[in-house]
Amino acid sequence: MSDGVVPAVPTTADVVHHHQPPQSFIRKYVFSLDHKVIGKQYYGLALVAVFIGMVLSWLMRIHLVWPNWPIPGLGLLSKVGAPGGVMTPEYYLSILTMHGTLMVFFVLTNAPFAAFGNYFLPIQIGAEDMAFPRFNMMSFWTTFLAFCILIAAFFVGDGPPIAGWTSYAPLSAVGADAGPGQGFGQTLWGLSIFVFCIASLLGSLNFIATTLDLRTRGMTLSRMPICTWAWFITSCIALLAFAVLLPACLLLILDRVAGTSFFIPAGLVISDRLQPHSGGSPLLWQHLFWFFGHPEVYIAILPAMGIVSHILINSMRRPLLSHKVIIYCMMGIGFLSYMVWGHHMFVSGMNPFSSLMFSFPTLVITIPATIMTLIWLGSLYGSRLRITAASLFALGFISMFVSGGVSGFFLAQPSIDIYLHATYFVVGHFHMVMGVAAIFGVFAGTYFWFPKMTGHMMNESLGKLHFWLTFIGTYCIFMPFHYLGLAGNVRRYSAFVDDFLVPLIPVHRFITIAALCTGAAQLIFLYNLIHSRFRGAPAPDNPWECTSLEWIMPSPPPFDNFGGKHVVVYHDPYQYGVKSSTGDYLMQNSPEQVEART
Amino acid sequence: MGKLFAVIVFVIALLSAIPIITHSWFGSGISFALPEDISTHGHAIDEQLSETMVEAGLSFLAAQFVLAFFVWKFSNRQANAEIKTFPGGAKGLVIAALVLVGTEMLALGILGQKAWAAVYFTPAKPDAIQVQAQAGQFAFYFRYPGADGKFGSLHPDKIDEGNSNFFGLDPANDIDSRDDIVTGELAIPINREVHLMMHAKDVGHSFYVRELRIQQDFVPGLDLSVHFTATKVGKYEIVCTQLCGLGHYNMKAYLSVLSQEDFDAWMKQKASEQ
Amino acid sequence: MATTIQPPETESKEPRLDNGNSGGGGLRNLGPTNGSLKLVEDFSPEPSRTGVWVGLAAITMSFAAFTSALIVRQSTANDWHHLTIPSIVFFNTVVLLASSVTLEIARRRVAEFARGRTANRSTPLVWLSATLLLGFVFVAGQYIAWQQLRGEGLYLASNPNSSFFYVLTAIHALHVLGGLAGLMRVIYILRRPVLSLRRSTMDATSYYWHFMGVLWLYVLLVIWIKL
């Protein structure tokens, strides 16, 4: 008997780490290991971020068309940036930067992916929780930390950075000399994004390991719902993309605080001072950033595509024309997304031959996107479409995705990009696909899954009203951006003073009014969300008669998702249009067998 | 409500198309038309843009109309209505997408090469007029080599805006720079190729002249250039399109395309003002 | 497209023996209830192993990004001044590789222990502790390497070569510290009176550690060739 102590014979109870439901408030609602709580926390954070981002957009739009009108309260936020409530040009750029950063990172990466994915991926594959619940908790709180660091930029020195969410060097790298906001505010930005990358990597790790390893019996990969696939593919993209942004941010911070010259060349004279750097390459930042940045926009849209597909199928009461094709298209988009980053840099001074090399995959990526759109449309044919708030947003997504997508035909071609680069055409393009289509995916998901998440139904009439106002409103805001772009309206201008821009101001006024109205309409959503949470009608287990696993348990699901039971899966996730004991659909875990549909 | 959706999508699609077709904002007189093309290479870009507009426009309208039509027809049907499959199924659609979009993209990509090549793959002619542009927060300055045809070298430490030494020239020690002509306006003669060398003083900027169909970033540390030939006399705006700081919105200069005589006179006058 | 499977099995109501997080879809290895050591036979696929591969993929991507930054930076200016690698770096390399050897020995001992072939827990603990020690020696050695560079007047911002040297080695060292934390956790679990260390945890920690060694060789290669 060595002294490597033979322990007392362990029993099952000692060895097994069962998920015990937490008891304390902190454990239940704050530092929770439960993926459902974490999903809601991400959603809450995204809600706060989108509200701030939206208000920032109102401020920008107001300043563009009524620049001398003092905005009430703005002077309180920043005495320097908006004395008396009238915004300075630099503060406009600060607001622009924070709007973009908040929306892209804290809304579009959080809501469709981290929020809904965290909540529903484990349930939809029949697991009790994510693979690494502690990492999951850490990833949310790290995201929250990143958010706090970013918001802190509003309250330091001369305010938030002015270099845009793309933060091009050397403007972002040289430090305070480059202008207001480029002092500590820019460093905070870099730090915030650095921390965000870490959080995102932890989250992606969880999603991937969970999807690969924790599927329940019978849940083969091809039986996963489309939204689960979308979250899985997105997490693969995110893993590699954020892993590149992390070093980029580190190098940027070092250039700013440690005197290195990764991105700053020699001989720059800024604010009458010769900068003490040399040898760096501004294009290096652009390459690193966009290598992340382009996959990032697909990270924003793919989950929405998955959510919309899932909801549409349920609303149409029939599966899509092909489950496999949609999934292969999503994989194709994910793969191609890594080959196109240079299309943000056609006129950047990059080798013009490279521009052509990037143009081709950019054009090719249209193909899977078109296939998906055609499949959605083709599946509508002959369906039994039910109109609900959720399905309206899903249908609206298709419309928006088409609108935003076709402007990509133009921007994918370098020769046309010579004219359209850095104009409102680009701004219209990405707002339609990201700012509207992806958000519609989030809205659709909210209306669809709110009953499951809270146990209450949302008010359908208010939801439909919200849809109409938002659908029409966002078209009124963002369609004119394209026309302005064709006229050469340059972006990121805090005022329109050039000869050719002044005549376009009335169009901007229309846009501003549409933006304010559409923004106000979102209050209907906010009210619906809060009111329904407390006073909404009690939600049945499966109000939408949906087949996937999240609907087999009561609303909201119990702590360990399935009440300690093993779920066994017998079918693919889209058994609709069949004749079964439950109606025209069959739950995935139902052992019932039905005739194959012809 | 499905029918309402269909109607609204249909209307929005039509309304969206109107400003494209009429090139204006619903009869207000505000024009969205591309400004007239005053360059030799621009027509290829404009053609490419028009072709793409037709393809994009047709795809946009077709998709929106199909969406509207299908939602109109298949929403809120009877509970036992027959579920039909789109003829051809997924396979047909995949093939259609591959063929249609594939050829479209190939065509655009391959044809678009020419317009791109005209701007970027052809070097400037040896007898092109050499001008250097410097972009700095928040103005453009231009430099002509003067009678000796040579540019003096740049010394960033010698930049002195108060004394109009925008480029940091050192005429005391550098002979070539003594006859360099520095102006705030870019004047060029009509129908002669201009080779514009681009130097960034501080951060990234960009050179954009809509009528010339030219846009090129200034990148600190990189020697970039563009070349073009203007075909119409007139005054055109040069604006900065790369976010460069608080004055970005106001950073502009004028391009004056002059007749050869007017240009020579202008140069003489500027030379005497140095 | 109905795809039903063979005869449905009744839903199993037995508690799962693996954190409630099992998958695989096949018959589970529902371990004997007599409390023998075989209980900790783990069930594949175990998330920790997948997780560590995924994490290593991300780390690889980051270092790929650093490498391409290095390559691009070298080509943009003529200020590349080759530096001499501080002599202690070679000693550090040997230490790190040795720690992989000790860890591998530890891992195999743990595997035997988990399979119930031995009741000896101290041997794997010794080897694990040795790995931990060597790991700390490595990090300390890297710090000395930085001191040596600074002694030559090469700081972070002195020239691009030194910048990348510091950045690459520091980021690697940071990840090594993470690995050390993982090792300390494994040691802590192994020392608990009731056996609860899973082979997958041990394996995942080992893969990560070995990868640190491989990554170091890569970084060293880059430094040697490029810097």
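Helices (H or I, at least four residues) and strands (E, at least two) are DSSP runs, numbered from the N terminus. This is a predicted model, in which local features need pLDDT of at least 70 and side-chain atom pairs count only at pLDDT 80 or more, while totals for chains, interfaces and linings use all residues. Residues are numbered from 1 along each chain as its sequence is written, and chains are lettered from A and ligands numbered from 1 in the order in which they are written.

**Confidence**

- The predictor's confidence in each residue is its pLDDT, from 0 to 100.
- In chain A the average pLDDT is 92, and 96% of the residues score at least 70.
- Residues 1-17 of chain A have a pLDDT below 50, yet this stretch has 29 contacts in the model beyond near neighbours in sequence.
- Two residues are in contact if their C-beta atoms, placed from the backbone, lie within 7 Å.
- Where pLDDT is low, the predicted coordinates should not be read in detail.

**Domains of chains A and B**

- Domain bounds come from an automatic or database domain assignment.
- Chain A is split into domain 1 (37-265), domain 2 (336-536) and domain 3 (546-598).
- Between domain 2 of chain A and domain 3 of chain A, the C-alpha centres are 34 Å apart.
- Five residues of domain 2 of chain A make contact with four residues of domain 3 of chain A.
- On the domain 2 side of that contact in chain A there are two nonpolar residues, two polar and one charged.
- For these classes, Ala, Val, Leu, Ile, Met, Phe, Trp, Tyr, Cys and Pro count as nonpolar, Asp, Glu, Lys and Arg as charged, and the others, Gly among them, as polar.
- Chain B is assigned domain 1 (2-76 + 87-120) and domain 2 (129-273).
- The centres of domain 1 of chain B and domain 2 of chain B, taken over C-alpha atoms, are separated by 38 Å.
- Nine residues from domain 1 of chain B and ten residues from domain 2 of chain B take part in their contact.

**Where chains A and B meet**

- Chain B and chain A each give 90 residues to the contact between them.
- Elements of chain B that give two or more residues to this side include helix H1 (2-22), helix H2 (42-74) and helix H3 (89-120).
- H3(B) supplies the largest share of the chain B side, 18 residues.
- By class, the side of chain B that touches chain A has 52 nonpolar, 27 polar and eleven charged residues.

**Sheet and hairpin**

- In chain B, five strands make an open sheet of mixed pairing, in the order S3-S2-S1-S5-S8.
- Strand S3 (181-183) and strand S8 (224-229) of chain B each have a single partner strand, so one side of each is left without a neighbour in the sheet.
- Two strands pair if DSSP finds at least two bridges between them.
- Six bridges link strand S5 (residues 193-200) of chain B to S8(B) in the antiparallel sense, and His195(B) has His227(B) as its bridge partner in S8(B).
- In chain A, strand S3 (residues 576-580) and strand S4 (residues 583-585) run antiparallel and are joined by two bridges.
- A hairpin of two residues connects S3(A) to S4(A), and Ser580(A) stands opposite Gly583(A).

**Single residues**

- A residue is buried if 20 or more other C-beta atoms lie within 10 Å of its own, exposed if 12 or fewer, and partly exposed in between; C-beta atoms are placed from the backbone.
- Arg492(A) sits in the loop between helix H17 (460-486) and helix H18 (505-535) of chain A.
- Arg492(A) is buried because 22 other C-beta atoms lie within 10 Å.
- Leaving aside neighbours within four places in sequence, Arg492(A) is in contact with Leu96(A), Gly164(A), Leu243(B) and His248(B).
- Most residues other than glycine have a negative phi, and most peptide bonds are trans.
- Asn191(B) has a positive phi, near 60°, and is partly exposed, with 14 other C-beta atoms within 10 Å.
- The peptide bond from Gln137(B) to Phe138(B) is cis, with omega near 0°; Phe138(B) lies in the loop between strand S1 (129-136) and strand S2 (139-144) of chain B.
- Another cis peptide bond joins Ala169(A) and Pro170(A), with omega about -5°.

**Chain C**

- Chain C contains five helices and zero strands.
- Of the 227 residues in chain C, 40% are buried.
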